[in-house]
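Keep the viewer open and follow along.

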Amino acid sequence: MTEILHGLVAPFADIASNPSFFAEVLIGGIAAGLMYSLVALGFVLIFKASGVFNFAQGVMVLFAALTLVGLIERGAPVALALLLTVGVMVLLAFAIERVVLRPLVNQEHIILFMATIGLNFFLEGFGEMLWGANVKRLDVGIPDTSFKIGNVLVNRLELTAALTAAVIVTVLAVFFQKTSIGRALRAVADDHEAALSLGIPLKTIWTVVWSVAGLVAIVAGIMWGAKSGVQFSLSLIALKALPVLILGGFTSVPGAIAGGLIIGVCEKIAEVYWGPLVGGAIENWFAYVLALAFLLFRPQGLFGERIIERV
Amino acid sequence: MNDAGPLLEVEGVSVRFGALMALHQVSLRIERGEILAIIGPNGAGKTTLLNVISGFYHPWEGRIRFAGRDRTRLKPPDVAELGIARTFQNVALFKGMSVLDNIMTGRLLKMRGNVVLDALWWGPAQRQELAHRAAVERIIDFLEIQAIRKTPAGKLPYGLQKRVELARALAAEPQLLLLDEPMAGMNVEEKEDMCRFILDVNGELGTTIALIEHDMGVVMDISDRVVVLDYGRKIADGTPDQVRKDQAVLDAYLGVAHD
């Protein structure tokens with residue numbers, strides 16, 4: 001008993017005794033967290049505007065990264081490849097609106113959800129057909145090396161990813177809260193019929209929001225691809241976005257960020273300091289335990305819209 | 001635009017859902033500046049008629065003309081653009097958004113947005129937003145909902161939600177306002193308020209109004225003309241006094257054998 005207690009408490013002493021190592025763990029956690037946030041953001045955008053939980057978001061990340069790498073491999077300069085990838089993702093948004101969403105207007109959410117599962121498998125197969133299934137290296141020109149700030153090691157790539165994520169999030173938050181298109185997006189999210197009766201064209205809104213989600217997928221794809229190579233498992237990071245969404249709330253852009261940071265930081269700290277207590281590998285499941293706890297006590301998430309129901 | 005004839009003409013419109021004829025060759029006109037009530041027993045096709053006019057359903061046969069122009073097959077956003085606004089039977093507000101934001105969405109059609117300028121809150125975007133805010137504030141004053149401006153719509157009591165929905169429809173400055181049971185579920189006091197607002201909208205803003213209502217007292221008090229539907233057919237059309245004495249209407253409401 002005392003051993004277990006000692007095991008639980010001792011890590012605090014470790015943290016106190018080596019603060020610069022703790023800072024490194026913290027920074028690693030924040031960087032990982034922001035990457036989760038980027039993926040979660042794609043979910044939130046689409047969920048906010050169309051009430052659809054887009055199962056294919058992870059595959060969109062993969063597809064974007066595959067397209068980018070594929071184009072670069074075929075000799076396109078990086079800037080051109082990026083531009084073309086943006087074009088492809090916008091085109092994809094148009095196609096999804098036309099082929100998947102428009103025929104399903106006013107259907108139950110579960111049906112739209114099923115449609116995105118179909119989309120998931122289609123994109124996965126289509127991506128591999130176009131660009132092949134082998135692991136590819138994505139070089140964005142930022143070395144995966146570290147430099148020192150004081151006593152703390154910081155990774156250049158992680159730092160860049162973090163800054164990019166921060167910029168994107170700010171832009172999106174302003175877009176949703178301050179622009180009339182943002183207001184229209186929130187209106188559509190809340191009630192399709194009412195939005196239609198006010199003259200808000202659903203198809204434009206959906207195309208916009210899926211395009212934006214596509215752009216976010218490109219950024220996430222680049223960041224994750226540069227870190228761990230472009231391969232099928234990239235689409236599985238979508239699963240890591242789920243606990244982030246539960247923490248942050250499905251409808252909140254700031255929530256996706258905060259949720260990502262909390263999960264990233266908590267799982268790194270848990271892994272490094274408390275992992276040895278149970279033989280390690282906490283990192284893989286810790287996020288889900290955290291999410292479960294949130295489901296019990298705050299189901300709408302940290303920043304999600306209050307669940308208001310009149311009885 | 002043709003300023004002479006009626007604002008809206010429905011000509012021989014039928015709507016069917018499978019084997020069910022929800023509307024059967026219904027014809028009616030909505031004159032400029034009037035308050036028209038559409039009444040009838042449950043399932044008579046009143047809401048269906050409203051949905052056809054606002055473009056949510058399309059007629060199986062027949063035509064709809066707005067200000068003299070045919071618009072039978074337009075979709076809801078296009079109908080809104082013509083200047084027709086509506087409310088819904090089961091309040092359809094954006095529940096998570098504030099009352100102010102809800103009403104502002106009513107002005108989306110009037111906004112010519114530039115995303116970048118909007119976001120920077122700069123130049124023409126700022127002037128535009130302020131102009132729209134001013135218009136919305138006038139409506140808020142008009143409907144006496146100043147105190148709940150910042151409240152999330154979903155938290156309001158039902159009667160107020162109905163009033164906010166009316167405000168949102170008015171924000172679009174419609175020529176024709178369609179109200180689906182604006183007083184359903186309200187207490188006497190709320191009903192009186194709503195009546196007053198409807199009369200004011202009609203009198204002061206000159207908006208043409210078509211409304212569905214079950215409360216006969218209200219209908220007879222505020223409407224210029226009454227159309228009665230029963231089993232998807234129009235059975236009467238006239239002033240409240242004429243309709244009150246109409247035998248077909250009495251039969252429909254008091255019940256005789258339909259064969």
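## Two domains in chain B

The centres of domain 1 and domain 2 of chain B, taken over C-alpha atoms, are separated by 27 Å. Please keep in mind throughout that this is a predicted model. In the domain assignment, domain 1 of chain B is made of two stretches, 1-83 + 176-259, while domain 2 of chain B covers 95-173.

Where do the two domains touch? Nine residues from domain 1 of chain B and nine residues from domain 2 of chain B take part in the contact. On the side of domain 1 of chain B that touches domain 2 of chain B, helix H2 (76-82) and helix H7 (188-205) of chain B each supply at least two residues. H7(B) gives the most to that side, with three residues. By class, that side of domain 1 of chain B has six nonpolar residues, one polar residue and two charged residues.

## Strands of chain B

Now turn to the sheet. Six strands of chain B form an open sheet with mixed pairing, in the order S6-S7-S8-S3-S9-S10. Its edge strands are S6 (84-86) and S10 (233-238) of chain B, each of which pairs on one side only. On average, neighbouring strands of this sheet are turned by 20° against each other, direction ignored.

Strand S4 (residues 61-66) of chain B has antiparallel pairings with strand S1 (residues 8-17) of chain B and with strand S5 (residues 69-70) of chain B. The table sets these pairings side by side.

| Strands | Sense | Bridges |
|---|---|---|
| S1(B) and S4(B) | antiparallel | five bridges |
| S4(B) and S5(B) | antiparallel | two bridges |

B:Glu11 stands opposite B:Arg63 in S4(B), and B:Arg65 stands opposite B:Asp70 in S5(B). S4(B) and S5(B) form a hairpin with two residues between the strands. In this hairpin, B:Ala67 takes a positive phi near 50°.

## A helix pair in chain A

Over in chain A, helix H11 (residues 253-274) and helix H12 (residues 283-297) pack with their axes 9 Å apart, at an angle of about 130°. That angle makes H11(A) oblique to H12(A). Their crossing is right-handed.

Which residues make the contact? H11(A) brings A:Ile263, A:Cys266, A:Glu267, A:Ala270 and A:Glu271, and H12(A) brings A:Glu283, A:Phe286, A:Ala287 and A:Leu290. The residues of the contact of H11(A) with H12(A) divide into six nonpolar and three charged, with no polar residue.

## Where chains A and B meet

Finally, look at the two chains together. Here 22 residues of chain A are in contact with 27 residues of chain B. Helix H6 (156-178), helix H7 (180-190) and helix H8 (192-197) of chain A each supply at least two residues of the side of chain A that touches chain B. H7(A) contributes the largest share of that side, seven residues. Sorted by class, the residues of the side of chain A that touches chain B are 11 nonpolar, four polar and seven charged.

Conventions: Residues numbered from 1 in each chain as written. Chains lettered and ligands numbered in written order. Predicted model: local features only at pLDDT ≥ 70, side-chain atom pairs only at ≥ 80, totals over all residues. Contact = placed C-beta atoms within 7 Å. Helix = DSSP H or I, 4+ residues; strand = E, 2+ residues; numbered from the N terminus. Nonpolar A, V, L, I, M, F, W, Y, C, P; charged D, E, K, R; others polar. Pairing = 2+ DSSP bridges. Axes fitted to C-alpha atoms, helices over the stretch in contact; angles between N-to-C directions. Parallel < 35°, antiparallel > 145°, perpendicular 65-115°, else oblique. Left-handed = near helix turned anticlockwise from the far one by under 90°. Domains from an automatic or database assignment.
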